[in-house]
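Hi there,

Here is the structure I promised to pass on. Have a look at it first, and my notes follow below.

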Amino acid sequence: MQPNTPVTPPNESPKKLPTLEGTLQEPRVFVTRCAKCDCIAATIEIRSGNGTERLIYNGIVAGTGPGGTPISSGRTRAIASAFTPPYEAATIRAADFYDDAGFCASCGVFYCFTHWNPSTTGGGRCPHGHFKSLDPHWSPDD
Ligand SMILES: [Zn+2]
Ligand SMILES: [Zn+2]
């Protein structure tokens, strides 16, 4: 049995590097605002934790509910680029929201519930008369 001489590493103790952990744990929140009245059209919140990401969405006529829904990191990136200005129809479409968070591709702006004026069938028209389906594929809140 040899005595184990403890080796002191020359200044190489694993120092904690400053990480982004704090900011990464913060929920990322994106808000779209109505071009007509400046009220909130939709809110999109992404929460990270335990290696998963959840989307909590509050859309024009419906959303995910407070529990949210798990999403892939690819979708997280798509959402982050879609709802960071400048807004573009193509990137917003890629974020894959059934109501595009209230975005009218023809006008190039967002509208709120009031200004989409949704009908009972789930369709709405923007103040310029462009039609949009705002009806989600209903999934009951769990
Ligand atoms: Zn409005
Ligand atoms: Zn429009």
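In which loop is the place of proline 118? Proline 118 is in the loop between helix 4 (113-116) and strand 7 (123-125); helices (H or I, at least four residues) and strands (E, at least two) are DSSP runs, numbered from the N terminus.

Before going on, please note that this is a predicted model, where local features need pLDDT of at least 70, side-chain atom pairs count only at pLDDT 80 or more, and totals for chains, interfaces and linings use all residues. Residues are numbered from 1 along each chain as its sequence is written, while chains are lettered from A and ligands numbered from 1 in the order in which they are written.

Proline 118 is partly exposed, because 18 other C-beta atoms lie within 10 Å (buried means 20 or more, exposed 12 or fewer, partly exposed in between, with C-beta atoms placed from the backbone).

Alanine 101 is buried, since 24 other C-beta atoms lie within 10 Å.

There is also a cis peptide bond, from proline 85 to proline 86, with omega near 0 degrees. Proline 86 lies in the loop between helix 2 (73-82) and helix 3 (89-94). Why point these out? Most residues other than glycine have a negative phi, and most peptide bonds are trans.

Best wishes
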